[in-house]
Amino acid sequence: PRELGGRVVHTTTDLDPEVVAEVVGWHRAEGRATWFVLYDHGPAADYDGMLRGIVEPLGADCREVGQDVGLGTDWVCVVPAR
């Protein structure tokens, strides 16, 4: 992870459910929500479905944002701090 403007930032193209749950757990332990932003995923096979399938069981609220300009509609998912 990196810190950017006082926020911890992770980037990946590989969403292993066990790793995602562990990372979300780290942030929840610190009282932080975890945000996932998916963009330019159109060529991938159901990447938005994969993201939602991994983070929604953790309590994420996922929403499409913006318009599809050729590479898929962007998604934002927020797993709240508990």
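Q: What makes a residue nonpolar, charged or polar here?
A: Ala, Val, Leu, Ile, Met, Phe, Trp, Tyr, Cys and Pro count as nonpolar. Asp, Glu, Lys and Arg count as charged, and the others, Gly among them, as polar. The model to which this is applied is a predicted one.

Q: How does the lining of the largest pocket divide by that rule?
A: Into 16 nonpolar, eight polar and five charged residues.

Q: Which residues of that lining lie nearest the centre of the largest pocket?
A: The lining has 29 residues, and His10, Thr11, Trp35, Phe36 and Val37 lie nearest the centre. Elements that give two or more residues to this lining are strand 2 (7–9), helix 1, strand 3 and helix 2. Strand 3 gives the most, with five residues. The volume of the pocket is about 1,000 Å³.

Q: Why does Asp48 count as buried?
A: Its relative accessibility is 16%. Buried means under 20%. Asp48 therefore counts as buried.

Q: Where is Asp48 found, and what does Asp48 touch?
A: Asp48 is in helix 2. Leaving out residues up to four places away in sequence, its contacts are Leu38, His41 and Trp75.

Q: Which residues of helix 2 are buried, and what do they pack against?
A: In helix 2 (residues 47–55), the buried residues are Tyr47, Asp48, Gly49, Leu51, Ile54 and Val55. They pack against helix 1 (17–29), strand 3 (34–38), strand 4 (61–65) and strand 5 (74–79).

Q: Why is Asp40 called partly exposed?
A: Its relative accessibility is 47%. Buried is under 20% and exposed is over 50%, with partly exposed in between. Asp40 falls between those cut-offs, so it counts as partly exposed.

Q: What is said of phi at Asp40 and Asp46?
A: Asp40 has a positive phi of about 50 degrees, though it is not a glycine. Phi of Asp46 is near 55 degrees, again positive in a residue other than glycine. Asp40 lies in the loop between strand 3 and helix 2. Asp46 lies in the loop between strand 3 and helix 2 as well.

Q: How do you know that Arg52 lies over the face of Trp75?
A: Arg52 is placed at 4.6 Å from the ring centre. The distance rule asks for CZ of Arg within 6 Å, and there is an angle limit of 35 degrees from the ring normal. Arg52 is listed as lying over the face of Trp75.

Q: How many aromatic pairs are there?
A: The count is zero. A pair needs ring centres within 6.5 Å.

Terms used
Residues numbered from 1 in each chain as written. Predicted model: local features only at pLDDT ≥ 70, side-chain atom pairs only at ≥ 80, totals over all residues. Heavy atoms only, no water. Buried < 20%, exposed > 50% of the residue type's maximum accessible area, 1.4 Å probe, protein only. Helix = DSSP H or I, 4+ residues; strand = E, 2+ residues; numbered from the N terminus. Contact = heavy atoms within 4.5 Å. Phe/Tyr/Trp six-rings, centres within 6.5 Å; stacked < 30°, edge-to-face > 60°. 1 Å grid on protein atoms, 1.4 Å probe; cavity = no way out; pocket = protein on both sides within 12 Å on 5 of 7 lines; lining within 4 Å. Points joined across faces, edges and corners; volume = space filled by probe spheres on them.
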